[in-house]
Amino acid sequence: MNQKNILHLITCLPLGGAEKVLLDLCTNLDKNTIKSHVIALNDENDYDAEFKAIGINVVNLNMTKSPKSFYDTAKQINNYIKTHHIDIVHMHMFHPLVFVPFIKLADPKIKVVFTSHNVNIGSKLREIVTYLFKPFRDTDVVFSKDMINSMYVKDTVVIPNGIDTSGFQKNVVKNEKFTFISVGVLREQKNQLFLPSCARYIKDKGFTDFEIQIVGGPDASGDMRPEIENEIKKHDVANEINMLGARRDIPNLLKKAHCFIMPSHFEGLPIALLEAGAAGLTVVSTPVGAIPTVIDENSGYLAELGQFAQAMEKVIKNRGEAEEKGKNLQQKIEEDFSIKSMAAAHETIYDNLTSN
């Protein structure tokens, strides 16, 4: 059986959710029928060893913002497509999308799949570009039907993110302090800047034996750590907030914590939230993106930012109820958000495009 050559084009590969989705997808696609290739537009690559372990050498193009670099990058992508007989280019996040006209002009027969990985694509200009470039794309992938709008092509497919739950089965002793944990790249979208005020609120309510762990590092868009540290000082909660940086032992950290918190301004379907569910944690999250398709009144707490700290307080005060919601969420993740089903759905897309 001939292998299909799928080129995954992504902005970069820091320790983030969309990047982990791509790694898990490539790991679980049928290697008898699919050969995966990965190109990152810049050289930020924290997953290099993981991709090499599954037989993929990531190509980093070291792109900068200059017009010459843009031209050189487009040329390199098209050369790679031609040299490696690529059948489908799967674009992940917005930045790779700007190269789609050049790819299609060089080879009109190439098939293109686009996954934005977020409800909010970043700006009005990006929305316009995404809309105008629809004729160059064959299939778009979103996480829930609520995400579908005029930006996306007619043949948009809903595929929820999936995770491998096997890494969350080990029994781990919980931290002595009641631990809230936030996992995500330190960027404005994830809103970790909001958490010191939540710590102050809980502390003022008389709870002292708790900790908020902020797990995550910077990415190419910047580093919010200095601003977060200033907020920690401002609210006098240095003893209550522990910034752990980027970590590779996320399953262990989640299993040792008690409650996962996600105060994001916008999201798609975050892998960190699914992993928290697989770990059996209670979840408090803003109701953004596809998160309400996962979290409801039986499986966690959805709260706007104005009520977020109160929801965290409720978890501490009603631990029995909170733990029951965590168990319900864990069951839902195991049943509905499997990495195997996510990979199989992508294989169907690739099969349909190449058979046409």
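Buried, in these legends, means under 20% relative accessible area, while exposed means over 50% and partly exposed lies in between (1.4 Å probe, protein chains only). The views show a predicted model, in which local features need pLDDT of at least 70 and side-chain atom pairs count only at pLDDT 80 or more, whereas totals for chains, interfaces and linings use all residues. Residues are numbered from 1 along each chain as its sequence is written, and side-chain values use heavy atoms, with hydrogens and water left out.

**View 1. Strand β9 (residues 210-215) is largely enclosed by the rest of the structure.** Helices (H or I, at least four residues) and strands (E, at least two) are DSSP runs, numbered from the N terminus. Six of the six residues of β9 are buried, and therefore the strand is largely enclosed. Phe210, Ile212 and Ile214 point one way from β9, while Glu211, Gln213 and Val215 point the other way, and all of them are buried.

**View 2. Six strands form an open sheet with parallel pairing.** Two strands pair if DSSP finds at least two bridges between them. The order of the strands is β10-β9-β8-β11-β12-β13, and the edge strands, β10 (241-245) and β13 (301-302), each pair on one side only. Strand β8 is joined to β9 by six bridges and to β11 by two bridges, and β8 and β11 run parallel. Within this part of the sheet, Phe180 stands opposite Ile212 in β9 and also opposite Cys259 in β11.

**View 3. Leu254 belongs to the largest nonpolar core.** A nonpolar core is a set of buried Ala, Val, Leu, Ile, Met, Phe, Trp, Tyr and Cys residues joined through side-chain atoms within 4.5 Å. The largest core has 72 residues, and Leu254 and Phe260 are those with the most contacts inside it. A second, separate core of 29 residues includes Phe180, Phe210, Ile241 and Ile316. Leaving aside neighbours within four places in sequence, Leu254 is in contact (heavy atoms within 4.5 Å) with residues including Phe168, Lys174, Phe260, Glu275 and Leu281.

**View 4. The second largest pocket is lined by 17 residues.** On a 1 Å grid over the protein atoms alone, a cavity is a set of points where a 1.4 Å probe fits but cannot get out, and a pocket is an open set with protein on both sides within 12 Å along at least five of seven lines; lining residues have an atom within 4 Å of a point. This pocket has a volume of about 290 Å³, and Lys174, His258, Gly280, Leu281 and Glu323 lie nearest its centre. Helix α11 (residues 319-336) gives the most to the lining, with five residues.

**View 5. The largest cavity holds about 70 Å³ of space.** A volume is the space filled by probe spheres set on the grid points, which are joined across faces, edges and corners. Among the lining residues are His90, His92, His117 and His346, and the elements that give two or more residues to this lining are α1 (17-28), β4 (88-92) and α12 (339-355).

**View 6. The second largest cavity has a volume of about 40 Å³.** Its lining includes Ser182, Val183, Lys190, Ile261 and Met262, and the elements that give two or more residues to it are β8 (178-183) and β11 (259-262).
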